[in-house]
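Dear colleague,

Please find the structure below, handed over for your records. My notes on it follow directly after.

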Amino acid sequence: GSGCGIQVHLAALGGMLIDGAEESPDLVRDASELSGQSSYPSQHPRFILMEDHTRVPVQDGAYDLVILSGILERHWNPVGLLKEAARIMGHGGSCLVITEPRPDDVIHEDAGLHRYRAHELNQQLRHTGLFQFGRDASFGDDPLVMELQASPGPINHGHFRRPALTR
């Protein structure tokens with residue numbers, strides 16, 4: 001989710017037209033209040049409450065860019081999250097995944113957290129069949145930042161199939 005909206009706020013200050021999605025009503029309220037106190041070069045960011053925790057209440061293909069920052073490793077259903085990102089991403093859009101690596105010496109994570117090793121993230125992304133990416137994920141000391149492109153059409157990989165977009 002967008003949390004208290006800091007990243008969304010900074011992007012809007014840079015002139016991006018941007019929305020943030022969050023599951024916590026308190027954080028949506030706080031983020032909206034923060035944006036109401038600022039002036040932006042274009043429009044104020046919008047913060048959307050995800051009441052059912054699985055679907056962003058926007059139309060298919062609504063965004064050119066979807067950013068998953070620090071959420072993939074914390075989400076209870078990362079494949080479902082990737083499917084939702086692909087649904088709201090417009091034709092020719094991009095999805096930016098920012099995640100922290102799991103250190104090699106960590107075998108089990110705390111409940112509610114699943115950081116990825118590079119090969120696990122690559123496997124998960126390929127398995128969904130939702131995205132194209134030019135390079136495999138690899139981690140250094142920094143969080144992974146990876147841009148994914150929408151697959152051009154329906155693809156079968158593993159157990160998931162991306163529906164064809166209709167306009």
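**Strand pairing and overall make-up**

Gly 20 has Phe 47 as its bridge partner in strand 2. Strand 1 and strand 2 (residues 46-49) pair in the parallel sense over 4 bridges, where two strands pair if DSSP finds at least two bridges between them. Strand 1 has a covered face made of Gly 20 and Glu 22, and an uncovered one made of Asp 19 and Ala 21.

This is a predicted model, in which local features need pLDDT of at least 70, side-chain atom pairs count only at pLDDT 80 or more, and totals for chains, interfaces and linings use all residues. Residues are numbered from 1 along each chain as its sequence is written, and side-chain values use heavy atoms, with hydrogens and water left out.

The protein chain holds 4 helices and 8 strands; helices (H or I, at least four residues) and strands (E, at least two) are DSSP runs numbered from the N terminus. Their order from the N terminus on is α-β-α-β-β-α-β-α-β-β-β-β. Of the 167 residues of the chain, 41% count as buried, with buried meaning under 20% relative accessible area, exposed over 50%, and partly exposed in between (1.4 Å probe, protein chains only). Among contacts (heavy atoms within 4.5 Å) between residues at least 6 apart in sequence, 58% join residues at least 24 apart.

**Helix 3 and Glu 84**

Because 9 of its 11 residues are buried, helix 3 is largely enclosed by the rest of the structure. The buried residues include Pro 78, Val 79, Leu 81 and Leu 82, and also Glu 84. Glu 84 lies in this helix, which spans residues 78-88, and has a relative accessible area of 9%. The side chain of Glu 84 reaches the backbone nitrogen of Val 56 at 2.7 Å. With the side chain of Arg 87, the side chain of Glu 84 makes a polar contact, also at 2.7 Å. A polar contact is a pair of N or O atoms within 3.5 Å; within protein, one must be able to donate a hydrogen and the other to accept it, and residues adjacent in sequence count only if both atoms are side-chain atoms. Leaving aside neighbours within four places in sequence, Glu 84 is in contact with Thr 54, Arg 55 and Val 56.

**The largest pocket**

The largest pocket has a volume of about 910 Å³. Of the 37 residues that line it, the closest to its centre are Asp 19, Ala 21, Val 66, Ile 67 and Leu 68. Two or more lining residues come from each of helix 1 (6-13), strand 1 (19-22), strand 3 (63-69), helix 3 and strand 4 (89-99). Strand 3 gives the largest share, 7 residues. The lining divides into 21 nonpolar, 10 polar and 6 charged residues; Ala, Val, Leu, Ile, Met, Phe, Trp, Tyr, Cys and Pro count as nonpolar, Asp, Glu, Lys and Arg as charged, and the others, Gly among them, as polar.

A pocket, on a 1 Å grid over the protein atoms alone, is an open set of points where a 1.4 Å probe fits, with protein on both sides within 12 Å along at least five of seven lines, and lining residues have an atom within 4 Å of a point. Grid points are joined across faces, edges and corners, and a volume is the space filled by probe spheres set on the points.

Yours sincerely
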